[in-house]
Amino acid sequence: MDGLIFICWLIFSGLVYIPIGALLILRSHKKSIRNRSPLLVSIAHWSNFLESALLLLSLYFYFSHSIQDRNFDTFYQIIVIIVHYSYFIAYMLRCYRVYFIFNLENQVDEEDSFFNKNIHRAGQKWLIKVFLVFLWPVFLIAILRILISGADEYFPPSYYEGQSHVTVVSEGIYLFILFLEELGFIFAVFKLRNVNDDFKMTVEVTSVCVLWVLTGMFSIFPQNWVWRVEVVIRNHLIMGISSIYPLVKSLTPESFDEVITLEMLQSLEVVLQSEITLDAFEKAIKNSNVKSYNGFEILQLWLKCENYKFKETQELKQEILSHAKHVRIHLKDPDKIQADAFNILNQYFFPVFRHSEEYRVILHNVANQQIYMTRIMQTSLGGSQTEVLIPPVH
């Protein structure tokens, strides 16, 4: 294989990574990036790029049969160690932050919750401090490789091949550290398994965790260059998930999800105007029969009358009159039929909805989303919006 392939690959990667990294910084005020903690997103992105560049450079040396002197090798390995663990720590902190904000399994009273007492832990300043605390041992190891003769025999290169000073012990240490990384990501996926959020951050960090763990399988190949190529591909995929996706979202008009509040659930008129609550209301009354009225049939009649306001066709009017006669509403005006259908729904079936499982699910989701939005606003990760958002009810 020609080593020039990897130089071309490196140049192409730079042409992609650098503009994206710059845009992530410039558009960090946008909701899709701001909610993800812009500093950690940028650290992960640039670390991703630098690790990929270093690996492609090592692949170029390998296939070009270029032998580098010991000083260059030492400098190269120091940069590799720092960049790799900047990358790893940034994602570990992102997993922690998502879990910290969106985990409500032990929630009882938000005013007296663990989150409320430790709110600073979701802020960018605290996360960067923790990042630096975890990174300083990495700098220490890098310095030891320079100052202590023979230290590089225990802090292995592993990105390089064919070097006589790489021992079984050093590779064993390296594989053990790799195992600890994967264990950390597996633990993160386990903790995030029941955490849901409206910004797809849980899906994002979980996908990164899975890709990182899968990478370890390729370390078993006797030819180390295969594993390095796979790591570069993994990094490109992670860049697409964690950098390109939020950036694309930031370039599109910010969508405003449907607003649901507790007050809305007290009025049938408002419930019928919301797609989410209408769907829940329909499910709740689908098989309900009260005073010889079938809730589902009355609701379908009301919906037909609502459609008639926007599409007044003779065919639809006849369908409404036939449906009204079927449910024993003997009127000829669609507006009056709709008003009568609404009264029946409000008097007989809205109470059914208020005591249904669908209603309890919506109440639960609204309460949770109020907490989520408050937490995000308090940690300066979601702007100053006060709306309450809920995902579709399942």
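Is Asp279 buried, partly exposed or exposed, and what is its relative accessibility? At 32% relative accessibility, Asp279 counts as partly exposed, a class lying between buried (under 20% relative accessible area) and exposed (over 50%), taken with a 1.4 Å probe and protein chains only. This is a predicted model, in which local features need pLDDT of at least 70 and side-chain atom pairs count only at pLDDT 80 or more, while totals for chains, interfaces and linings use all residues. Residues are numbered from 1 along each chain as its sequence is written, and side-chain values use heavy atoms, with hydrogens and water left out.

**View 1. Asp279 and Lys283 form a salt bridge.** Lys283 is partly exposed, at 43% relative accessibility.

**View 2. Glu319 forms a salt bridge with Lys304.** Here the closest N and O atoms are 3.1 Å apart. Because Glu319 lies in helix α13 (residues 314-326) and Lys304 in helix α12 (residues 295-308), the pair ties together parts that are 15 residues apart in sequence.

**View 3. Glu357 and Arg360 meet in a salt bridge.** The N to O distance is 3.0 Å, and the residues are three apart in helix α15 (residues 357-378). Glu357 is partly exposed at 45% relative accessibility, and Arg360 is partly exposed at 46%.

Conventions. Salt bridge = Lys/Arg side-chain N within 4 Å of Asp/Glu carboxyl O. Helix = DSSP H or I, 4+ residues; strand = E, 2+ residues; numbered from the N terminus.
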